[in-house]
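Work through these exercises with the structure open beside you. Try each task before you read its solution.

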Amino acid sequence: MKLSQFNYNLPAKLVATHPTPDRDDCKLMVVDRKKQKIEHKVFKDILKYFDEGDVLIMNNTRVFPARLSGEKEKTGAMITVFLLRELNRESLLWDVYVDPARKIRIGNKLYFGQNDELVAEVIDNTTSRGRTLRFLYDGSYDNFKALIYRLGQTPIPDHILQARNVEPEDEERYQTVFASEEGAVMAPTAGLHFSRALLKRMEIKGIDTAFLTLHCGLGNVREIDVEDLTKHRVDSEKLIISEEASQIVNKGIDNHRKICAVGTSVLKGMETSVSFGGRLKPYDGWTNKFIFPPYDFNIANCMISNFHAPLSSLFMSVCAFGGYELIMKAYEEAIKKEYRFLTFGDAMLII
C-alpha cells in the first residue's frame with residue numbers, strides 16, 4: 001500500500017487538547033472485524049468484552065523530562081533538544097533530536113539553563129535532525145541526572161502546547177498509571193485510559209495483565225516522506241520483554257483466550273519477538289519494526305488504540321490490524337460522531 005492511501009481529513013476541532021476529567025470516562029468505539037460492526041461505548045465498559053483468563057499486554061515505559069531548551073554558542077539562537085537515548089553513561093554521550101537543526105554543526109556547543117548550568121558539544125550527525133551530544137559535566141552521574149530533571153520538561157506533544165498553556169496535572173496525565181520503566185519520549189497513549197480502579201476491576205474479574213517495555217521515540221510522529229512504504233525506515237526503540245510476561249501471554253495462547261495488545265507499541269514489541277510457533281519470546285534489545293497493511297499478526301487477536309493522525313505510522317499499524325477498509329469506515333464514523341483524536345483523545349477496541 002501507498003502513503004497517500006492513509007490520508008483523511010481530520011477537523012481541527014476534534015484534536016483533543018485536554019484529557020477527560022477521569023481516565024476511563026472517554027468514549028470507546030468497538031470495532032468487530034468478524035461482524036463488520038461498530039458500537040459506541042464508554043471506556044470503562046471495556047470489561048464487558050473480556051473474561052477470566054483473557055490477557056491484556058501493556059507498555060510500562062515511563063516518559064522522562066527529555067525536552068531541553070537552550071542556546072547555540074556565539075549566535076544565541078534558541079534550540080530545543082530531545083534526549084532520545086543514552087549511548088554511554090561514563091562519557092555522557094546521548095543520541096538527540098535537535099530543532100531547528102539546520103545550522104547545528106559538529107563542534108558546536110549548546111548551553112542549557114539560565115546561567116549555562118549545562119553545556120553539550122555536538123560530536124556527530126546521525127540523521128537530518130539527529131545529533132550525538134557529549135555533555136561537558138564534571139559532577140557525579142546522579143547529579144547530572146538531577147540537573148537534567150531540573151532543566152528538562154516532559155515532552156508534551158506540540159499539538160497540545162500550541163493550543164494552550166501546560167497545566168500542573170498534564171505531566172501526571174501524560175503517564176500511564178502503570179508507568180515504571182523510565183526512557184520514553186512519548187507516552188504509549190492507548191494505556192492512558194486505564195485508571196487504577198479499572199485495573200482493580202480487571203483483576204477481580206480474573207483478567208490477566210502482562211507488561212513489556214518499549215521506550216516510545218519521536219519516530220512515531222515523524223513525517224513519512226516516501227510514497228512507497230517499503231522504503232520508509234523507522235527509528236530504533238529499546239524493547240524489553242521479560243520471561244514472566246512471555247509466560248503469561250503464552251498461557252493465554254495455549255488456553256485460546258483473547259490476547260489484547262494495548263497500543264501500537266505493544267503490537268510492535270510482540271511482533272518483534274515471536275517464535276515460529278506463534279509464541280512470545282523474552283527479548284532485550286532494539287526494534288525498528290514498521291507494521292503496515294497487509295500484515296499477518298502472530299499473537300494478538302484484539303487491540304486497544306487511540307485515534308491517530310492521518311499519514312502516521314501509528315494509523316497504518318491500526319489499519320493493518322483491523323483491516324484497511326473497516327478502519328477507514330470507523331474513522332469516518334468517529335469524525336461524524338465527533339470522537340476526540342490524538343494523545344488525550346478517545347479510544348478504539350478492535351475485536
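**Exercise 1.** With which side chain does the side chain of D24 make a polar contact?

*Solution.* Start with the ground rules. This is a predicted model, in which local features need pLDDT of at least 70 and side-chain atom pairs count only at pLDDT 80 or more, while totals for chains, interfaces and linings use all residues. Residues are numbered from 1 along each chain as its sequence is written, and side-chain values use heavy atoms, with hydrogens and water left out.

Now find D24 in the segment before β1 (27-32). Its partner is the side chain of S195, at 2.7 Å. A polar contact is a pair of N or O atoms within 3.5 Å; within protein, one must be able to donate a hydrogen and the other to accept it, and residues adjacent in sequence count only if both atoms are side-chain atoms.

**Exercise 2.** Is D24 buried or exposed, and which side chain of opposite charge is nearest?

*Solution.* D24 is buried (under 20% relative accessible area; exposed is over 50%, partly exposed in between, with a 1.4 Å probe and protein chains only). The nearest side chain of opposite charge is K44, 4.2 Å away. D24 has no salt bridge, a term that asks for a side-chain nitrogen of Lys or Arg within 4 Å of a carboxyl oxygen of Asp or Glu.

**Exercise 3.** Which parts of the chain does the pair D284 and K238 tie together?

*Solution.* First, check the pair. D284 and K238 form a salt bridge, with the closest N and O atoms 2.8 Å apart. Next, place the residues. D284 lies in strand β15 (residues 283-287) and K238 in strand β13, so the pair ties together parts 46 residues apart in sequence. Strands here are DSSP runs of E, at least two residues long; helices are runs of H or I, at least four, and both are numbered from the N terminus. Last, check exposure. D284 is exposed at 57% relative accessible area, and K238 is partly exposed at 22%.

**Exercise 4.** Where do R279 and D254 lie?

*Solution.* Their side chains meet in a salt bridge (2.6 Å, N to O). R279 sits in the loop between α6 (264-272) and β15, and D254 in helix α5 (residues 243-254), so this pair ties together parts 25 residues apart in sequence. R279 is partly exposed at 33%. D254 is partly exposed too, at 45%.

**Exercise 5.** How many salt bridges does a search of the whole structure find?

*Solution.* The search finds 17. One network of salt bridges links R164, E167 and D170.

Terms used: Lys, Arg positive; Asp, Glu negative; His and termini not counted.
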